[in-house]
Amino acid sequence: MQSQKYLIYMYLLKARTFIALLIVVAFFSAMVPNFITPSNLLIMTQHVAITGLLAVGMTLVILTGGIDLSVGAVAGICGMIGGALLSFGIPLWGDNLLFLNVIEVSVVVAVAGVVIGMLNGLVITKLGVAPFICTLGMMYVARGAALLTTDGKTFPNLNGVEALGNTGFATLGSGTFLGIYNPIWLMVAVVLLGIYITKKTPLGRYIYAIGGNESAARLAGVPIAKVKIFVYAFSGFCAALVGLVVASQLQTAHPMTGNMFEMDAIGATVLGGTALAGGRGRVFGSIIGAFVIVFLADGLVMLGVSEFWQMVIKGLVIVTAVVIDQFQQRLQSKVTLMRRHEKKQQATSPLSEVSHG
């Protein structure tokens, strides 16, 4: 039947991100020596962790029909908060200083990311500001605050002092467990958390319901404001983790950390099949999209392609992904109509009438 043919096309379109990843790997394996070696794959996957962490939070936000343009800047200011705590501690009464260990610093930074995300959610839900405008404004606020922290300078040499008990920061971004870099384990944990939230909890059903039809969700009793505040807080949490990982890898906190990270996160999410209108998408798909974005970028670097052309190619890939997604939606609607028509034909066919008789 014709609908079955279109159904095959639709399944292929749904698997487009995985197919794109296979094409990218195959192409650069042929063009770049040692591209597919285990050590190189491990390093590139470590790079994926940065985009992947942001993509998980971005997926939840976009599923509700929102957008978060502030994640890159939030990563930057959270890295600066971590750098300040490790370098100068917390001033107490008199001239006393309290220095936190790495775990405590990480918790404080994560809480800061959650608070910033909650502010986004509150402004969007309580003041009625569009997500694009709200998070764009927060992007400028967070980036400016990060620059003001040190007048544009960095917090260098975040090795800590053993006597103060704040050493070991490098382990977070560069350490390994069972031969795999810690940021990869962190990404896996957050991905599993994101999948659990979206697939196994009432909150996940609320997220999809809001993105699918917010008015209907409100009438059904879904707590719209609480869900939106949660997804933006979760996105801020993911951005805070990225700020910590990048600062740990560089052993330096820079106020411009995370510049344009939001574009990679949105690109990975769109490539993974999440609809920008909300209501449709998967966390796992966004992670595959992150692999495509990062493997493509790393492969172009290995080929010696200039950074400017890399931006052009990445932009074309994202636009193409959106076009294919729109085509998939039209095809899915067409298949649905054709299958309904075929069922009606079968129900009214002579054989059907004889069997009923």
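Contacts between residues 24 or more positions apart make up 77% of those in the chain with a separation of 6 or more, in a model that is predicted. The secondary structure consists of 15 helices and four strands, and 46% of the 357 residues of the chain count as buried. The accessible surface of the chain is about 17,800 Å², with 69% of it belonging to carbon and sulfur atoms.

**Helix α5: span and ends**

- Helix α5, which covers residues 102-126, has 25 residues and reaches 35 Å from its first C-alpha to its last, close to the 36 Å expected at 1.5 Å a residue.
- The N-terminal end of α5 is capped by asparagine 101, a side-chain oxygen of which lies 3.2 Å from the backbone nitrogen of isoleucine 103.
- Beyond the other end, α5 is followed by glycine 128, which has a positive phi near 70 degrees.

- A nonpolar patch on the surface is formed by Ile103, Val107, Val111, Val115, Met118, Leu119 and Leu122, which together have about 590 Å² of accessible area.
- An α-helix has 3.6 residues a turn, so residues three or four places apart point the same way.
- Isoleucine 103, a member of the patch, lies in helix α5 and is exposed, because its relative accessible area of 64% is above the 50% limit.

**Salt bridges around glutamate 214**

- The count of salt bridges comes to three, and Glu214, Arg218 and Lys228 are linked in a network of such bridges.
- Lysine 228 is buried, with a relative accessible area of 13%.

- The side chains of aspartate 264 and lysine 314 meet in a salt bridge at 3.2 Å, N to O; since aspartate 264 lies in helix α12 (residues 261-271) and lysine 314 in helix α14 (residues 307-348), the pair ties together parts that are 50 residues apart in sequence.
- Aspartate 264 counts as buried, at 17% relative accessibility, whereas lysine 314 counts as partly exposed, at 23%.

**Threonine 45 in helix α3**

- Threonine 45 lies in helix α3 (residues 38-63) and is buried, because its relative accessible area of 15% falls under the 20% limit.
- Leaving aside residues up to four places away in sequence, threonine 45 touches Ile184, Phe291 and Phe295.

Definitions and conventions: Residues numbered from 1 in each chain as written. Predicted model: local features only at pLDDT ≥ 70, side-chain atom pairs only at ≥ 80, totals over all residues. Heavy atoms only, no water. Patch = residues over 30% accessible without salt bridge, like charges linked within 9 Å, V, L, I, M, F, W, Y side chains within 5 Å. Areas by Shrake-Rupley, 256 points an atom, 1.4 Å probe, with all protein chains shown as cover. Salt bridge = Lys/Arg side-chain N within 4 Å of Asp/Glu carboxyl O. Helix = DSSP H or I, 4+ residues; strand = E, 2+ residues; numbered from the N terminus. Buried < 20%, exposed > 50% of the residue type's maximum accessible area, 1.4 Å probe, protein only. Contact = heavy atoms within 4.5 Å. Expected span 1.5 Å × (residues − 1). Polar contact = N/O pair within 3.5 Å; in protein donor to acceptor, adjacent residues only side chain to side chain.
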